[in-house]
Amino acid sequence: MRNRLTVVGIVIIYSAAALASSGKSSSQQPSANHDYPPAGRLADIGGYKLHISCAGAGSPAVIFISGAGDFSFDWSLVQPAASRFSEVCSYDRAGLAWSDLGPVPRTMRQDAYELHLLLKKAGVRPPFILVGHSIGGLISRVYAARYPGEVAGMLLVDPTHEDTTLMYQGKIVRVRDGAKGRKIPSPQTMKSSSPRPPTEDDIKQQELNRRVFGPPKIEPPFDKLPAEIQRIRLWALSNPKLFAATDDYWAEELQQMHMQSSAKKFPLGNRPLIVLIPAVKEGEAPPQGVSAEEWSRINEEKRKQKLGLARLSRNSKVIIAKESGHHIQLDAPALVINAIREVVDAARKGKRLSP
């Protein structure tokens, strides 16, 4: 089964293409017909290299962890401003943009382990403020659980919840219910479990998708990115590495997180935590095959789940982004920048967040 993040990323790509065919696409699409040099540096973490881009100075360092289908440069409306008051770093997980394919399977434990190695190799010293968007919010929490002494605070940007319900293979499913009781593998190395590059069949499937849906396109909110970043994004979305295969343990990981979160209160202690979520949009059309009533129920459940994430810390608060969609860092970058500053200040001074 394909990497869980790759699958979601592909869905994003071809959903965008479907919108394009309906006339909702931008009339002017940037071109990505050549490679681009890394925005930051490539650091070897054990026989493979990951891309990391850092700027600014000061502690605690702010680490951006992207969601599925997203890249380091998708923080470009936030990172420059945040670098004025602390060191900030964005990076690409294994197989994304400039980063090499890494060991398999691609679990959240693996992602957290590799980020730990990457920061150490890049000379970025703890403690860190982890800024996780969507699935990146889950990875942030896994990192904090495995390396608690390295985390000074956290900002969760419309995070995925461990009890989430998603559209999968045409059906609405609670992801953790798909757990098969398998043991979640420990983090792997290139010696213990090397990556499996895209096969010839994978490449053929990619080409078939292109013929059916067309090439990747820039759709809102990514049209808010600078033109050059849009071109780099198209290049990254076209990379065959996205089709690399691996086993999928996401259901088991979410099931384990659900059990642990039920058993342990305030896992972040008093470390500052802000949960930033968009307002629920009334009248949003449900996916095909889902009734309006069911879609409304699911959205309300998601809203309550995300509000409940404030219970991860005794020193937390929720901010509602009223004029934003899922990518708050693109729709309302100033709100994200201010939230980062607030968490950084609270961590530096050992104080409570303002109400």
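## Starting inside: Tyr-143

Tyr-143 is buried, with a relative accessible area of 0%. Here buried means under 20% relative accessible area, exposed means over 50%, and partly exposed is in between, using a 1.4 Å probe and protein chains only. A quick word on where this comes from: this is a predicted model, in which local features need pLDDT of at least 70 and side-chain atom pairs count only at pLDDT 80 or more, while totals for chains, interfaces and linings use all residues. Residues are numbered from 1 along each chain as its sequence is written, and side-chain values use heavy atoms, with hydrogens and water left out.

So who sits around this tyrosine? Setting aside neighbours within four places in sequence, Tyr-143 is in contact (heavy atoms within 4.5 Å) with Ala-112, Leu-115, His-116, Leu-119, Phe-128, Leu-130, Pro-148, Glu-150 and Val-151. Take His-116 from that list: Tyr-143 and His-116 are 27 residues apart in sequence, and their C-alpha atoms are 8.0 Å apart in space.

## Helix 4

Tyr-143 belongs to helix 4. Helices (H or I, at least four residues) and strands (E, at least two) are DSSP runs, numbered from the N terminus. Among the buried ones are Ile-135, Leu-138, Ile-139, Val-142 and Ala-144, along with Ser-140 and Arg-141.

At 1.5 Å a residue, helix 4 should span 16 Å, and its end C-alpha atoms are 17 Å apart, which agrees. That expected span is 1.5 Å times one less than the number of residues.

The largest nonpolar core has 41 residues, and Ile-63 and Tyr-143 have the most contacts inside it. Helix 4 (residues 135-146) gives the most to this core, with 6 residues. A second, separate core has 27 residues, including Ala-82, Leu-276, Ala-321 and Ala-346. By nonpolar core we mean a set of buried Ala, Val, Leu, Ile, Met, Phe, Trp, Tyr and Cys residues joined through side-chain atoms within 4.5 Å.

Two cis peptide bonds are worth a look. The bond from Val-104 to Pro-105 is cis, with omega near 5°, and Pro-105 is in the loop between strand 4 (88-91) and helix 3 (108-121). The bond from Pro-126 to Pro-127 is also cis, with omega near 5°; Pro-127 is in the loop between helix 3 and strand 5 (128-133).

Then there are positive phi values. Ser-134, not a glycine, has a phi of about 55° and is in the loop between strand 5 and helix 4. Ser-134 is buried, at 10% relative accessible area. Asp-158 has a positive phi near 40° and is in the loop between strand 6 (151-157) and strand 7 (165-168). Asp-158 is buried as well, at 5%.

## The whole chain and its surface

Zooming out, the chain has 10 helices and 10 strands, and 54% of its 355 residues count as buried. Among contacts with a separation of 6 or more, residues 24 or more positions apart account for 82%. The chain exposes about 16100 Å², with carbon and sulfur atoms supplying 53% of that; accessible areas come from the Shrake-Rupley method with a 1.4 Å probe.

Phe-213, in helix 5 (residues 200-213), is partly exposed at 37% relative accessible area.
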